[in-house]
Amino acid sequence: MVELANFAIHTLNGIQYGFILFLIASGLTIILGILDVLNLAHGELYAVGAYVAFSVFGYVSGAFANPEGFVGLATFLVLSLLAAVVAAAIMVPLGLLLEAVFLRPLYGRDEVYQLVLTFGLLLILKDMNKLIWGPLPVRAGDIYSGINRIPAAEFVGLTFPTFKLVIIAVGAVVVVGLFYFFNRTKLGRIIRATAIDREMATAIGVSTDRVFTLVFAMGAFFAGFAGAMALPQSNASLEMGANPLVLSFVIIVIGGLGSLRGAFVGAMIVGVLSRWAVWQYPPAEIAAPFAIMALILLVKPNGLFGTWGETA
Amino acid sequence: MSDDDHQSLKAWGRRSYVPATTTRDGDRYVRVSRGMVLSPRRIAGWLALLALFVAVPDIASLSSSIQQRVLHQGVLFGLAAVGLNVLLRHTKLVSFGHAAFFGTGAYTAAVLASQFDVTSMLLLLAAATLVGTLMAGVIGFLSLRHTGLYFSLLTLAFGQLLYAIAQGQSYLGGSDGLPVRPGEANRATLFGVELSADVYSVVVYYLTVLVVVLALFVMWRVVNSPFGNALDAIGQDRTRAQFVGIPVRRYVLAAFVISGIYGGVAGGMYGLVQQHVRPEATLYFLRSGEILFMAILGGFGTLVGPLVGGVVLVFLQDVGRDFTNYFDALTGIVLLLLVFGFPRGIVGSLQSGSRLRAAVSTFSDDPAIVGEWATEAWTSLWAAVGRARRNLRMLVLGVR
């Protein structure tokens, strides 16, 4: 019985981790699907999001040094989510600037240069974080201490931190929202049309320039949001961008390059498996996602869901 | 086919190793070996470069700011980049996992030295090359089913898989890595001669020089062989190459393995030089990226470009560390300059007909043009920022 409870806890942890990974990978995958750019700086956008959320929430949480009672704790939780959204919103202008200044001149050039450029941006953003927030990791535990006071949720004999459940809920909302956006709204369909055939989209009057900018800004937004959501459980550090970036690569390869649905399934697989690995055999944690990826590619060379566009 | 090609085709079977002078278009050329015909100026340039390369330990002993260790490391990463360049330049495949072979070579040397007490440097190097080659065969077989980004991401994933294994296995030392020479009693040997610590670094350096010169020559032969031309054809259009009758998959795999051999040799040498191998320093995906960017920085359209790029990038990172806290950003800015200013890389830009050469000649004609360039750059930057602002307004307020 203890085993089963453990199993459930670790699976839930994995799902929560998977949602964080999906938030990162979704941005990367739509940028890849539409701009045809593999954005190596994406992990750094995630890190910047975490740092910004730290500053934003650190500023706000001064008023709530010791949240008490249901109302106090609930306000604290809502505020932390709002801080995440604000931090992500700050990423939008940054994304726009990066796209307009650096990426735009590179469309149509050899893809190698896009890799060099985004890698250069990665290094520069990393040092920008160092310049603003210092070389040491910033401890997020202090300002988010209120979150630990929120009593853990108890259901069917399991206890699970409430904040992780909140992350799962928020992640689920984002997933549903994204699929709704791409399947049901006009703008989403325009973006998909651009992904399927850029020239044709231009011919029927879509401004691909704007679509590119919008998509890159969306990617930056979700990367920043993921960083802000992951912050309370960890620290913001200079190296935090590398791991999620590589895992996002794995996820989008598993799911199929540029496929949003694939990214979701891939994120869940990677998230849950890596948490199971931590539980059963910790050395396998880093290797597991790559082994899974190699296996899936041997069976399905184009990933689980192929490329994106026709279906979201 | 020109007359020249006919001549060289006829001469294909004959062998002459004696350097001879020939005349072409009124200029004198020296035939160094079969197919390698150089002008005297180029020969002088190559010899000067070689002399510089050989003299590095002496130069390093003169000035404390230039460290032999740093240059040496740059040369080794550059050698791996020369290997990667086969894929990048000819088959147009972007490998993002070349640290895998580099690390495999380094770890092979380390495991043999520390777990099996192998002391012979040549044996360590040979084993590193062999295992690197095998690894390239396996990874190539699995990832060459794909092209484009899939290929890049697959090679990246395999590289990270090896990194994860090296991190996780205590046999391989975990994240602390392995020493390449256990204890002082266990000295490295070359041809059975024990080397003392002070001789060691110099001997290893000249071994590297030998390996690098040999490797460059072999690469030159490979690239200028029918095999190299076939790779070019594959890079231009796979389907067409298939129709012409080139066994595409076999050739691409061969190219991949060749590039892996270079990675393995470089990694093995790295193990001998650093005498300690860590997963972070040899197998991490950032190392793969760096190897790729070295090739591009030096100029991936050239033979020695990747080597130059390797030295420059490693040097930049090491010197930058002394001189500013933000050495990563320094590298980043150099990469941005590379993309926008000299896309053909350092060596490529020095060749005739490049944008940089043209810019330099306009500059020497009229130095006042700098002002024009500055305003031009400023206007385009300003336009881009303006576009970003407009787009932001559009995102917030909608299209009006």
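Reader: What share of the 400 residues in chain B is buried, and what makes a residue count as buried?

Author: In this predicted model, buried residues make up 40% of the 400 residues in chain B. A residue is called buried if 20 or more other C-beta atoms lie within 10 Å of its own.

Reader: How do you know how confident the predictor is in chain B?

Author: The mean pLDDT of chain B is 79, and 82% of its residues reach 70 or more. For the complex, the predictor gives an ipTM of 0.83 and a pTM of 0.84.

Reader: What makes up the side of chain B that touches chain A?

Author: The contact takes 40 residues from chain B and 41 residues from chain A. On the side of chain B, α7 (148-168), α13 (285-298), α15 (327-340) and α18 (369-397) each supply at least two residues. The largest share, twelve residues, comes from α7(B). By class, this side of chain B has 29 nonpolar, eight polar and three charged residues.

Reader: Which values describe the packing of helix α12 of chain A and α7(B)?

Author: Two packed helices are described by the angle between their axes and the distance between the axes. For α12(A), residues 284-299, and α7(B), the angle is about 145° and the axes are 8 Å apart. The crossing of these two helices, α12(A) and α7(B), is left-handed. Among the residues making the contact are A:Phe290, A:Met293 and A:Ala294 of α12(A), and B:Leu154, B:Ala157 and B:Leu161 of α7(B).

Reader: What makes B:Ala157 stand out in the largest nonpolar core?

Author: This core has 200 residues, and B:Ala157 is one of those that touch the most other members, together with A:Ala50, A:Ala53, A:Val215 and A:Val250. Leaving aside neighbours within four places in sequence, B:Ala157 is in contact with A:Phe249, A:Val250, A:Val253, A:Phe290, A:Met293 and A:Ala294.

How values were computed: Residues are numbered from 1 along each chain as its sequence is written. Chains are lettered from A and ligands numbered from 1 in the order in which they are written. This is a predicted model: local features need pLDDT of at least 70, side-chain atom pairs count only at pLDDT 80 or more; totals for chains, interfaces and linings use all residues. Two residues are in contact if their C-beta atoms, placed from the backbone, lie within 7 Å. Helices (H or I, at least four residues) and strands (E, at least two) are DSSP runs, numbered from the N terminus. Ala, Val, Leu, Ile, Met, Phe, Trp, Tyr, Cys and Pro count as nonpolar, Asp, Glu, Lys and Arg as charged, and the others, Gly among them, as polar. Axes are lines fitted to C-alpha atoms, for helices over the stretch in contact, and angles run from 0 to 180 degrees between N-to-C directions. A crossing is left-handed if the near helix is turned anticlockwise from the far one by less than a right angle, and right-handed if clockwise. A residue is buried if 20 or more other C-beta atoms lie within 10 Å of its own, exposed if 12 or fewer, and partly exposed in between; C-beta atoms are placed from the backbone. A nonpolar core is a set of buried Ala, Val, Leu, Ile, Met, Phe, Trp, Tyr and Cys residues joined through C-beta atoms within 7 Å. pLDDT is the predictor's confidence in each residue, from 0 to 100.
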